[in-house]
Amino acid sequence: MSSLLVLNGPNLNLLGTRQPDVYGRTTLADIEQMCAAHAKALNVSLSFEQSNLEGEMIDHIHAAKGLHDVIILNAGAYTHTSVALMDAISSVELPVIELHLSNVHAREEFRHKSFIAPVALGIICGFGARGYTLAMDAAVNHLEIAR
Ligand code: DQA
């Protein structure tokens, strides 16, 4: 059975109450439930993690090698700053789907730069919480093509 890791970065634990006009009212626990139900429907296994710490996120990426087949990564603000996350992704050579709830390209200019994009399989942004299940569909589609 294929295995997906959904990894969430800083401040995403506050979804639901954090700037709901930008990120919506769905909590991270709601999103986890949606993803778990979708994993069942897709017949894949799923791990769902969140960390506010860059180093801990890097540890999750390292640990994913040999355990998961695709990483779905909402790195939050680290997307725009972290060479270390980019290097971690390059090091494990696992397909990564970059994900954002908001359309980062329609927001402040500093959010247009992504250190994840050059090492990502693809990017999904702007579809709110629904983006998570879209990313899971994209991950499974990628694994079927690669098989
Ligand atoms: C985000 C977009 C980032 O720019 C921001 O720092 C976040 C959330 C999103 O999901 O839209 O924390 O990744």
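I took a salt bridge to be a side-chain nitrogen of Lys or Arg within 4 Å of a carboxyl oxygen of Asp or Glu. The model I looked at is predicted, so local features need pLDDT of at least 70 and side-chain atom pairs count only at pLDDT 80 or more, while totals for chains, interfaces and linings use all residues. Residues are numbered from 1 along each chain as its sequence is written, and side-chain values use heavy atoms, with hydrogens and water left out.

**Charges**

I looked up the salt bridges and found two. Arg111 and Glu108 form one, with their closest N and O atoms 2.8 Å apart. Glu108 also meets Arg107, at 3.8 Å from N to O. For burial I used relative accessible area: under 20% is buried, over 50% is exposed, and in between is partly exposed (1.4 Å probe, protein chains only). Arg111 is buried at 15%, and Glu108 is partly exposed at 36%.

I also noted the charged end of Lys113 over the ring of Phe115, 4.6 Å from the ring centre. This needs NZ of Lys or CZ of Arg within 6 Å of the ring centre and within 35 degrees of the ring normal.

**Rings**

I searched the whole structure for aromatic pairs and found one. Phe48 and Tyr132 form a tilted pair, 6.4 Å centre to centre with 35° between the planes. Rings of Phe, Tyr and Trp (its six-membered ring) pair if their centres lie within 6.5 Å; planes under 30 degrees apart count as stacked, over 60 as edge-to-face and the rest as tilted. Phe48 lies in strand 2 (residues 45–50) and Tyr132 in helix 5 (residues 130–146), so the pair ties together parts 84 residues apart in sequence. Both Phe48 and Tyr132 are buried. Helices (H or I, at least four residues) and strands (E, at least two) are DSSP runs, numbered from the N terminus.

I listed the buried residues of helix 5, among them Gly131, Ala135 and Leu143. The buried residues of this helix pack against elements including strand 1 (3–8), helix 2 (28–42) and strand 3 (70–74).

Of its 24 residues, Leu4, Ile31, Ile72, Leu101 and Tyr132 touch the most other members. Helix 5 gives this core its largest share, six residues. Apart from it I found another core, of 17 residues, including Leu5 and Met57.

Technical notes
Contact means heavy atoms within 4.5 Å. A nonpolar core is a set of buried Ala, Val, Leu, Ile, Met, Phe, Trp, Tyr and Cys residues joined through side-chain atoms within 4.5 Å.
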